[in-house]
Amino acid sequence: MNPVPVTILTGFLGAGKTTLLNYILKQNHGYKFAVIINEVGRIGIDGALVEKTSDDILELSNGCLCCTVRKDLVKGVQNLVKKGGFDYLLIETTGIADPGPVAQTFLNIPALQQFVRMDSIITVVDSEQIEKQMKETETAREQVAMADFLLLNKTDLVSAEHLAKLEAKVRELNPHATIFHTNQSQANLKEILDMNAFKLDHKLSVDPEFLNELNARHHHDIQSFSFEFDKPFNVEKFEFFVQKLSENEKVYRSKGFISIAGNPRRAIFHGVNNRFTIMWDRLWEKDETRASQLVFIGKQLDDKKIRAELEKCLA
Ligand SMILES: Nc1nc2c(ncn2[C@@H]2O[C@H](COP(=O)(O)OP(=O)(O)OP(=O)(O)O)[C@@H](O)[C@H]2O)c(=O)[nH]1
């Protein structure tokens, strides 16, 4: 059996990784994918946002693949391999993962090497927010530096001039990656999958510590809080609250499902820095508890205060 290619989808919080994953799965690509989705929060939102296909999807929540749940990754891949039936492995990391240790799993562990091989690290970049993110966190810089393919995404939100400047800036961090400009993470799959693009010498030239940094990097300053409410929200109050929160606190990402008073549909909520969208999703089912599930990720957040403020937004 030839080793199965592995592609790691990375990129900072809210860049468009799940959008890319959904886009890949829906294309007529001819692969039978196995997918591992990792989320840092207690409540997994991304797994529910991935449109169900026949592909095998494994969710690893409540910890980061690059450190706390790395053992689960090894076990997860071993179990998938035992089960078989796939010819490509996609791994979506959390937005705060360092892709290095995730990639190393496939380079350092002999029990995996005969079954899987690193094909590429694809880093999705929010072209509007990345400069601020790179300024504030080493993780965002590391994700850009370690990419084999860089998708400068959300081109609809920036000018051509901004994009050209951004491209020059990311080139300084990563001289080797192939760069694409994308809207809604729509890259040409023929240019990003099964390309044998992962080059260890490139990684080492950018970061000589690439193979020595297991557990070396931490991001404990970024916290994630999950909330669940059975009562529906007043949507105006909710919108006002998240807007205010993003002005006053360092919330990098918020997301979830919300139940809105008087509406038979579930809503999907996304916040990336100070941009918010609320979209109608499917109808709530008859016997389903209309529970809202929300995750807030950021720095120096006050869990109790956020909960209390959210409670004030309930209808
Ligand atoms: N305007 C715009 N929005 C986009 C684009 N691509 C994705 N989005 C939106 O950005 C938000 C975050 O997208 P996701 O795909 O969930 O991002 P992610 O990287 O998986 O987020 P995390 O897993 O939380 O780190 C969603 O509201 C998407 O609809 C784009 O090209 N343009």
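This is a predicted model: local features need pLDDT of at least 70, side-chain atom pairs count only at pLDDT 80 or more; totals for chains, interfaces and linings use all residues.
How many Å separate the centres of domain 1 and domain 2, taken over C-alpha atoms? I started there, and got 26 Å.

**Entry 1**

I checked where the protein is divided, and found domain 1 at 4–212 and domain 2 at 222–312. Next I looked at where they meet. 11 residues of domain 1 are in contact with 13 residues of domain 2. On the domain 1 side of that contact I have five nonpolar, four polar and two charged residues.

I picked one pair to look at in detail. Strand 5 (residues 116–126) and strand 6 (residues 149–153) run parallel and are joined by five bridges. I followed Thr123 across, and its bridge partner in strand 6 is Leu150.

**Entry 1: the C-terminal stretch**

The entry is unreviewed, and its annotation "domain: CobW C-terminal" covers residues 222–314. Over those residues I get 26% helix and 46% strand, with the end C-alpha atoms 27 Å apart.

The sheet I looked at next is open too: five strands in the order 8-12-9-10-11, and here the pairing is antiparallel. Strand 8 (222–229) and strand 11 (275–283) are the edge strands, with pairing on one side only for each. Ignoring direction, neighbouring strands of this sheet are turned by 10 degrees against each other on average.

For the pair formed by strand 9 and strand 10, I found seven bridges in the antiparallel sense. One residue I traced here was Ser254, whose bridge partner in strand 10 is Gly271. Helix 11 (residues 235–248) packs on the sheet and touches strand 9, strand 10 and strand 11. The direction of helix 11 makes about 165 degrees with that of strand 9.

I also looked up helix 12 (residues 303–312), which lies across strand 8 and strand 12 (292–299). Helix 12 runs at about 30 degrees to strand 8.

**Entry 2: around the ligand**

Last stop, the ligand. Which residues come nearest to it? Of the 22 residues around the ligand, I noted Lys17, Thr18, Thr19, Gly95 and His270 as the nearest.

I then sorted the shell by class and got four nonpolar, 12 polar and six charged residues. Which domains does the shell draw on? Domain 1 and domain 2 each give at least three residues.

By element, helix 1 (17–26), strand 9 (250–259) and strand 10 (265–272) each supply at least two residues of the shell. The largest share comes from helix 1, with three residues. I had already been through strand 9 and strand 10 as a pair with seven bridges, and here they turn up again among the elements around the ligand.

Conventions:
Residues are numbered from 1 along each chain as its sequence is written. A residue is near a molecule or strand if its C-beta atom, placed from the backbone, lies within 6 Å of it. Helices (H or I, at least four residues) and strands (E, at least two) are DSSP runs, numbered from the N terminus. Ala, Val, Leu, Ile, Met, Phe, Trp, Tyr, Cys and Pro count as nonpolar, Asp, Glu, Lys and Arg as charged, and the others, Gly among them, as polar. Domain bounds come from an automatic or database domain assignment. UniProt positions are given in the numbering used here, feature names are shortened, and annotations may be inferred rather than shown by experiment. Two strands pair if DSSP finds at least two bridges between them. Axes are lines fitted to C-alpha atoms, for helices over the stretch in contact, and angles run from 0 to 180 degrees between N-to-C directions. Two residues are in contact if their C-beta atoms, placed from the backbone, lie within 7 Å.
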